[in-house]
Every structure is written in structure tokens, then in C-alpha cells.
Amino acid sequence: MASDERVTLVASEHEAWARKAAEMAVEILEHLPNAKIEHIGSTSVPGLPAKPVVDLAVGMVADEIMLAGRELARLGFDLEGKRADHAWLSYPDRSARLFVIHIFEFQGEEWNKRLRFRDILLTNEESREKYLAVEREAAALADGWGEYTRAKSSVVSEILANDSFDRTC
């Protein structure tokens, strides 16, 4: 999907997405053996419609985040962006995403936030329905991935702030 294309949600294919996540995790671990990998995003939640792109969180020691990003880019992943505490890549590339790989500090703030949000959606039906309503609206109205992600950010923050779910990593 090119960055200027609309985001389309599809019916849940959770079993297939979970299998793809596990297969990609094995591939990544061959090259980043110290990584911790978790399936995140809507495809990690059974029954939740999602864009058909599997999101993975790759946890690394903080000073290895950029090295890990460069290693995956060397292997053919598309390094879309990086900050000191986060690198993100697409596979096979940003114009035809099947995966988005987020590299964070293992058990760092962003890692914990992403996993906590996933776990809230797994366990809290009200939060899941609230998120899905905003996700559907964002997909219908947004022009591209950036706008789609920004349109969902306030509900993600709200769900994280209002839920007492406590995840011990």
C-alpha cells in the first residue's frame, strides 16, 4: 500500500495473521538472536477487523535499536523511519506492506505501551469496540497511513489512560 492510498480494513484472519507473525519472528531471530518479539496491532486480536498488515514489536537493548534497523534493512526490509528510541520497517516495502516491524527498547516505555494496548484490546470488549469504531472511521476518511495513524492516536491514548489493566513484562 503506497503512503497516499486509502487504508482498507478486512475481516479478521487472526489464525493466518498469527501464523505469519510467528514465521516472521523466526526469520528476524535468525539475524537478531537477542531480540524479543511480540505480535501487536489489530491483527493480534482475534475477531478484530484490521488492515491486512501484521505488526511486530521487536525488543532490543536500547543502544542496539539502530543497529537492528540497519541489519533488517540490509536483509531487504524497507527502513521507513527512525528515531533514537524507535526504528520502523516494512516488508517487503512501503508500497506493498505485508508486515510493519517496530524496533523498541525491550521493556522500555514504548514497548510496554504497545503491548499494554494490545492486551487491553484482548481483554476489554468495550475498549475493543471503541477502538474499532475509530479505526473504521479513520480508514474511511484518511488519505494514507500517516493520516490514518494520527486519526487513531487520541482514542489509543484515551484507552490507555482510562484502563486499569496492568501488564507485567
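I started at Arg83, which counts as partly exposed at 46% relative accessibility. The model I am reading is predicted.

**Arg83 and its partner.** I looked up what the Arg83 side chain meets. It forms a salt bridge with the side chain of Asp85, at 4.0 Å from N to O. I checked Asp85 too: this residue is partly exposed, with 46% relative accessibility. I noted that 46% falls between the 20% and 50% cut-offs, so the label is partly exposed.

**Asp78 and Arg94.** Next I turned to another pair. Asp78 and Arg94 meet through their side chains in a salt bridge of 2.7 Å, N to O. Where do Asp78 and Arg94 lie? I found Asp78 in strand β3, residues 78-83. Arg94 is in the loop between β4 (86-91) and β5 (99-105). The pair therefore ties together parts that are 16 residues apart in sequence.

I also looked up accessibility for these two. Is Asp78 buried or exposed? Asp78 counts as buried, because its 16% relative accessibility is under the 20% cut-off. Arg94 has 36% relative accessibility and counts as partly exposed.

**Lys51 and Asp55.** I checked one more pair. The side chains of Lys51 and Asp55 form a salt bridge, with 3.4 Å from N to O. Both residues, Lys51 and Asp55, are buried.

**Tally.** How many salt bridges does the structure hold? I noted ten. Among them are Lys51 with Asp55, Asp78 with Arg94, and Asp85 with Arg83.

Definitions and conventions:
Residues are numbered from 1 along each chain as its sequence is written. This is a predicted model: local features need pLDDT of at least 70, side-chain atom pairs count only at pLDDT 80 or more; totals for chains, interfaces and linings use all residues. Side-chain values use heavy atoms; hydrogens and water are left out. Buried means under 20% relative accessible area, exposed over 50%, partly exposed in between (1.4 Å probe, protein chains only). Helices (H or I, at least four residues) and strands (E, at least two) are DSSP runs, numbered from the N terminus.
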